[in-house]
Every structure is written in structure tokens, then in C-alpha cells.
Amino acid sequence: MAKITYVEFNGKEHVVDVKTGLSVMEGAVKNNIPGIDADCGGACACATCHVYVDENWADKTGSQSAMEESMLDFAENVEPNSRLSCQIKVTDELDGLVVRMPQSQH
Amino acid sequence: MSEPGAGVVIVGGGHAGGSAAAFLRQYGYEGRVTIIGEEPIAPYQRPPLSKAWLKGEADADSLMLRPESFYAEKDIALRLATKAVSLQRSAKIVTLETGETVPYETLIIATGARARRLNLPGADLDGVQVLRSAADAEVLKLALGPGKRLAVVGGGYIGLEAAASARALGAEAVVIEAQTRILTRSSCEMLSSFFTDYHRARGVVFELDAAIEGFEGEGGHVTGVRLDSGRVIPCDDAVVGIGIIPNDELARDAGLECANGVVVDLEARTADPTVFAIGDVTHRPMPLYDRMLRLESVANALEQAKQAAAAIAGRPPPTPEVTWNWSDQYDIKLQMAGMPFDTDDILVRGDPAAAKFAVFHLKGDVIRAVEAINAPAEFMAARQLIGSQKPIDRAKLANTTVSMKEVAAS
């Protein structure tokens with residue numbers, strides 16, 4: 001279990017507990033948090049679960065896979081700390097994680 | 001007449017219907033929202049049923065579109081295991097199988113499609129099945145395992161994904177296709193031969209150009225598929241994946257125009273301003289290709305759910321999307337975008353032998369469609385370029401040392 005803070009583009013924060021083993025994307029969808037569309041349901045096929053990982057957490061969330069990097073290359077408003085949240089698995093280590101959402105996923 | 005406050009009634013609790021309800025709330029619609037779903041479970045995702053879920057890599061919970069609590073929290077009435085049998089547009093009511101009537105102010109038809117079945121001897125034997133619903137997938141999963149033999153009737157994406165999942169579970173798989181190549185309906189020849197080779201190398205057997213005469217059985221259960229050559233392909237279970245038929249009867253019987261599905265405009269609205277239709281059941285305009293089409297994809301279900309919800313909630317229409325889809329087989333991720341209409345050439349970028357390449361369908365120097373195998377940058381770039389219709393430099397596109405960013409920018 002990890003406490004994750006999802007911050008919408010407008011600044012609204014959602015703090016929820018997410019089960020270990022789920023993805024950060026699933027944690028948002030299961031808690032009805034807007035701003036992460038996840039059209040493909042986590043197959044890394046659509047790039048609509050884009051988030052920015054807070055700098056302090058970059059080490060623990062790992063780095064982009066080659067596939068993810070290629071997908072993000074063509075997403076909107078990409079920053080160095082951009083990730084596809086379906087590709088970040090939740091572990092106990094991620095307790096306290098903060099992710100921010102881009103203006104739009106499409 | 002419709003009673004005041006009847007709100008939006010959505011007939012169909014699939015990906016389209018469930019998403020439309022969620023978008024209505026997200027867009028600030030405050031009226032009553034009711035989903036009438038024929039299946040006994042809340043809206044779920046169908047794509048994993050032949051992919052990750054079938055292989056046991058995803059659990060039942062992960063299939064659900066939204067958690068159970070979502071509907072109560074958002075004040076969305078979910079009426080499951082409930083079938084709507086008719087629509088009276090003049091009275092604005094939907095009649096259920098039980099005889100009960102449900103009034104609406106605005107109706108969204110999201111009845112989806114059903115798997116086409118074979119009308120052949122033995123097609124009703126146990127173990128002969130389609131793969132469309134979670135219940136179908138549950139039956140198939142139980143039938144697969146080491147030593148089991150699966151016959152797949154139809155070399156389309158559903159069948160190929162089922163075959164790949166069967167192999168992953170240790171079962172044998174034979175794909176039987178009436179045409180001389182697989183994927184005739186959806187993909188180019190190059191992709192057909194790539195997937196045929198890839199599956200063969202992983203133990204799948206193909207019977208191409210093979211017409212089926214019927215199914216053999218013993219004790220009421222299927223034991224084989226009989227070809228017209230007289231040969232019998234032995235099996236323990238047979239999956240029939242030969243396309244889907246839109247469930248447009250409700251609309252058709254109510255006098256709404258149907259072609260290959262319910263005819264709608266770019267707001268997902270039918271000719272009746274109070275009736276919308278979304279998802280697999282619709283015959284919709286495709287402005288990029290200057291024609292009407294019925295699409296079978298999650299991307300389409302979501303786009304039309306947004307169109308309808310935005311129109312109903314009085315919001316600006318969503319940004320038009322380039323149609324896209326994907327398939328997972330073994331370690332292959334296929335991503336497709338656009339439609340190869342009116343094209344005059346095919347350009348291949350990358351190396352099919354390395355299972356990393358993309359097939360671009362071109363009209364002049366404009367990309368109309370892409371099929372990308374383990375090539376996400378090609379897919380993502382093409383999605384944008386198909387939408388913008390910006391001409392590309394063919395030499396650069398064919399050259400993998402030129403990045404897709406550069407191809408898109410030039």
C-alpha cells in the first residue's frame with residue numbers, strides 16, 4: 001500500500017491509498033480521479049495516462065522504458081519528468097509519491 | 001410525453017455506455033443518468049478478454065472500467081442484467097423485457113455488437129464458442145491449458161490473440177481461415193505474412209483457404225472441426241472469430257435510419273435530436289476519409305461517448321481523433337491508426353525480420369494509415385500526421401536513421 005497524491009492541472013489534490021501491484025494509472029482510475037484518461041486500459045498503446053513525477057521521486061519510480069519513451073516523444077507538453085502512469089508499478093517504497101497531470105491527455 | 005427529470009437513459013453498459021455516463025458527469029451534466037445493461041456486470045473493458053486477461057496476466061478487477069463505487073458516487077443508476085426490447089420515440093420511452101417502461105429526455109443507444117456465429121452442423125455443441133463477453137472469456141480460459149487443443153475459426157485479430165494466449169497457456173492452436181491469407185479484412189498483405197510466420201514459429205498451425213463444413217462432437221461436446229476436404233481438425237474447444245454484427249434492432253424498429261449500424265452525425269446524434277448512438281453500433285461520418293463507416297474500437301467508443309456527452313451537457317465538441325486500435329500477441333504490440341482508403345502506395349520503415357517496423361499507407365506524400373509493429377514512435381507520429389494531412393518526405397520516412405520527430409517536423 002502506498003499513499004499517492006494526484007494533482008490535477010488546476011491544482012486540485014487527491015490523496016488516496018493505492019494497493020501494491022497496481023499501476024499509478026489504475027490507482028487514479030479506481031479512485032475516480034479525473035485527468036488520467038487511460039484509453040487503452042494500461043496496454044501502453046495510447047499515451048493518455050501522462051503524468052509528471054515529482055523530482056524527489058524520480059529514482060524510486062524508475063525510468064522510462066524504450067516503448068514508453070517513444071510514445072511520450074509525441075505526447076503534448078512533455079517534460080524531463082514525464083511518465084506514462086500505467087508503466088509505474090506501485091510498491092511500498094512509493095508511499096508518499098506525488099504526481100501531477102498535464103493540461104490534457106489528447 | 002416524457003416526464004420532466006427523466007434525464008439521460010443509456011441503453012448498453014459496455015465501454016461506450018459506461019464512458020458516456022462518466023463523461024456526462026465530468027462535463028457537469030446534473031440530470032438523472034441511467035444505464036440499462038444486458039450483461040450482469042458493470043461496464044468493463046473487452047480488449048483484455050483475448051489478451052492479458054485470457055493469459056492470466058490481469059485479474060477480473062482490472063477489467064472493470066470504473067470501480068463499483070463510482071456509479072453510486074456519481075449518482076448514475078446502473079440497471080444490470082436488464083434488456084431493453086423496444087423504443088417508442090413519440091412517447092420517449094424504452095420498454096424493458098419485463099414490460100416495464102423507462103422514460104427518457106435524451107436517449108443514448110450504446111448496444112454494441114454481437115459476435116457473428118456459424119450456421120453449420122454442430123455449431124451448437126458445447127465447446128464451440130465465440131469470444132465477445134467476459135462470460136465467453138471465462139469459458140474459454142477454463143478450456144485452455146497444457147495439452148489442450150484449441151481450434152480457432154477465423155484468422156482475424158480476435159482469433160490470433162486467442163491463439164497467442166492459448167500458446168502462452170501451453171495449449172495447442174490451429175487457426176482455420178477461409179481466405180488464402182489471415183487478416184484480409186483489416187490489414188495489408190505484408191502484415192498478414194508477418195503474423196503468419198510469427199505465429200508459426202511459436203507453434204500455431206494454419207489451415208488457409210479452408211472452408212468449414214461443420215463441427216464433430218461426442219457426448220454433446222465438440223471433438224473436431226470438419227473441413228470441406230473431409231479432413232477433421234481435432235480439438236477440445238473451438239473459438240469462432242468471424243466478425244461482429246451491430247445490435248441496431250432497437251433503433252431500426254423505432255424507424256431510425258440504419259446502414260451498417262445506426263446512422264449518426266459528428267455529434268453522435270441520429271436524425272431524432274433526442275436520440276444519440278455511440279460505439280460499435282454506429283455508422284458514422286469519417287471526415288478525413290470522406291465517407292461513412294462502422295468502426296470497432298475502444299478509441300471510437302470513447303470519441304463518440306465524448307461527442308454525445310458534450311452535446312448533451314452543452315459543452316464544445318471534443319477534438320476530432322484519428323481512429324486507432326491495437327493488438328497484443330506474444331511480445332508483439334501492433335498499433336494501427338487511420339484507414340488505408342484511396343491510397344496509392346505502401347512504404348515500409350524498419351525491419352520486419354527484427355519484428356520492429358511500420359507499414360505506412362500513402363496517398364501521394366500524405367500518410368492515410370499506419371500499422372506499427374513494436375514501433376510506437378512511428379505510430380504516434382503517424383497519428384498526428386494522418387490528422388494534419390501534412391505531406392512527408394518519403395526518403396526520410398523510409399530511412400530509420402532519421403527520427404520520426406524529424407520526419408514529422410520536415
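In chain B, four strands form an open sheet of mixed pairing in the order β18-β19-β21-β22, where strands are DSSP runs of E of at least two residues and helices are runs of H or I of at least four residues, both numbered from the N terminus, and where two strands pair if DSSP finds at least two bridges between them. The edges of this sheet are β18 (258-259) and β22 (291-293) of chain B, each of which pairs on one side only. Strand β18(B) is joined to β19 (residues 261-263) of chain B by 2 bridges in the antiparallel sense, and A259(B) stands opposite G261(B) in β19(B). The model is predicted, and accordingly local features need pLDDT of at least 70 and side-chain atom pairs count only at pLDDT 80 or more, whereas totals for chains, interfaces and linings use all residues. Residues are numbered from 1 along each chain as its sequence is written, while chains are lettered from A and ligands numbered from 1 in the order in which they are written.

A further open sheet of chain B has 3 strands in the order β4-β5-β6, with antiparallel pairing. Its edge strands are β4 (84-88) and β6 (101-103) of chain B, each pairing on one side only, and the twist from one strand to the next averages 25°, with axes taken as lines fitted to C-alpha atoms (for helices over the stretch in contact) and angles running from 0 to 180 degrees between N-to-C directions. Between β4(B) and β5 (residues 93-96) of chain B there are 4 bridges in the antiparallel sense, and L87(B) has V94(B) as its bridge partner in β5(B). K92(B) is buried, with 21 other C-beta atoms within 10 Å; a residue counts as buried if 20 or more other C-beta atoms, placed from the backbone, lie within 10 Å of its own, as exposed if 12 or fewer do, and as partly exposed in between. A positive phi near 55° is also found at N77(A), again in a residue other than glycine, and N77(A) lies in the loop between α3 and β4 (82-84) of chain A. N77(A), however, counts as exposed because it has 11 C-beta neighbours inside 10 Å.

Strand β26 (residues 356-363) of chain B has 6 of its 8 residues buried, and is therefore largely enclosed by the rest of the structure. It runs antiparallel to β25 (residues 345-351) of chain B, to which β26(B) is joined by 7 bridges, with V359(B) in β26(B) as the bridge partner of V348(B). The hairpin of β25(B) and β26(B) has 4 residues between the strands, and in this hairpin A355(B) takes a positive phi near 55°. Strand β26(B) also pairs with β27 (residues 366-373) of chain B, in the antiparallel sense and over 7 bridges, and here L362(B) stands opposite I367(B) in β27(B). In the hairpin of β26(B) and β27(B), with 2 residues between the strands, the positive phi belongs to G364(B) and is near 65°.

In soluble globular proteins, nonpolar side chains tend to be buried together. Apart from its neighbours within four places in sequence, A20(B) is in contact with I10(B), I108(B), A110(B), I278(B), A305(B), A308(B) and A309(B), two residues being in contact if their C-beta atoms, placed from the backbone, lie within 7 Å.

Between the chains, 16 residues of chain A are in contact with 23 residues of chain B. On the side of chain A that touches chain B, α1 (24-30) and α3 (66-72) of chain A each supply at least two residues, and α3(A) gives the most, with 3 residues. By class, this side of chain A has 8 nonpolar, 4 polar and 4 charged residues, where Ala, Val, Leu, Ile, Met, Phe, Trp, Tyr, Cys and Pro count as nonpolar, Asp, Glu, Lys and Arg as charged, and the others, Gly among them, as polar.
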